[in-house]
Amino acid sequence: MKFRIFAILSLIAGSFAFASCIDDEATDATILANDKAAILAYVDTTTIVNVKEFHDEESGIRMIWQLEAQPDTITEFYSTDTVTVNYTGKFLTDQVFETTLESVARANQIYNQNKTYEPVQFILGSVIAGFQFGISQMETGEKATVFVPSRYAYGRNGQGNIGANTPLIFELELVKVNPGPRN
């Protein structure tokens, strides 16, 4: 009798687990579709200097360049490279949540006197996927705005003041690339 009850409960639990996998996939697709629509609505209603544009339909990542590099600065990137970047992170409401630029921090009331406002250095492969993708599409000296669906930002978990399933905007300036190890 106990075995039969355990078997039935296991079957029910397995059914819920299977159904939740389907729901997770459907939910992920719905979240991505909503993020893509929100990003498109933002782009359609906002004036952004546009000298070049890229849009990956599958991921929903969109980039609009404000300044292109000189032809002799073209570089191939590796995830082990160290990049130096100025950036401003924003929500689709234009609320700034992070920046390396003191003037932007002051203008958006997020200035912190204990923070040093200067370009940041990091290994390219150590940041969220959307930020990494945006930088990897740029050349030294370029400025671009990258629109990142939540799946390629902080996803369902969010981080700090960035809520779950929140698409983000990054205004990027690629200052320098230091090559890392090549395998």
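Colleague: Is Phe-54 buried, partly exposed or exposed?

Modeller: Good place to start! Keep in mind that this is a predicted model. Buried means under 20% relative accessible area and exposed means over 50%. Phe-54 has a relative accessible area of 28%, so this residue is partly exposed.

Colleague: How many aromatic pairs are there, and what is the geometry of the one between Phe-54 and Phe-133?

Modeller: The count comes to nine aromatic pairs. Phe-54 and Phe-133 form a tilted one, with 5.7 Å centre to centre and 35° between the planes. Phe-54 belongs to strand S1 and Phe-133 to helix H3 (residues 129-136), so their pairing ties together parts 79 residues apart in sequence. Phe-133 is partly exposed too, with a relative accessible area of 25%.

Colleague: And which kind of pair do Phe-97 and Phe-170 form?

Modeller: Planes over 60 degrees apart count as edge-to-face. With 80° between the planes and 6.2 Å centre to centre, Phe-97 and Phe-170 form an edge-to-face pair. Because Phe-97 lies in strand S4 (residues 96-99) and Phe-170 in strand S7 (residues 168-178), this pair links parts 73 residues apart in sequence. Phe-97 is buried at 14% relative accessible area, and Phe-170 is buried at 4%.

Colleague: Which aromatic cluster are they in?

Modeller: Phe-97 and Phe-170 share one aromatic cluster with Tyr-87, Phe-91, Phe-122 and Phe-131.

Colleague: Where do charged ends sit over rings?

Modeller: The charged end of Lys-52 sits over the ring of Trp-65, 4.3 Å from its centre. Likewise, Arg-106 has its charged end over the ring of Tyr-111, 3.8 Å from the ring centre.

Methods:
Residues numbered from 1 in each chain as written. Predicted model: local features only at pLDDT ≥ 70, side-chain atom pairs only at ≥ 80, totals over all residues. Heavy atoms only, no water. Phe/Tyr/Trp six-rings, centres within 6.5 Å; stacked < 30°, edge-to-face > 60°. Helix = DSSP H or I, 4+ residues; strand = E, 2+ residues; numbered from the N terminus. Buried < 20%, exposed > 50% of the residue type's maximum accessible area, 1.4 Å probe, protein only. Lys NZ or Arg CZ within 6 Å of the ring centre and 35° of its normal.
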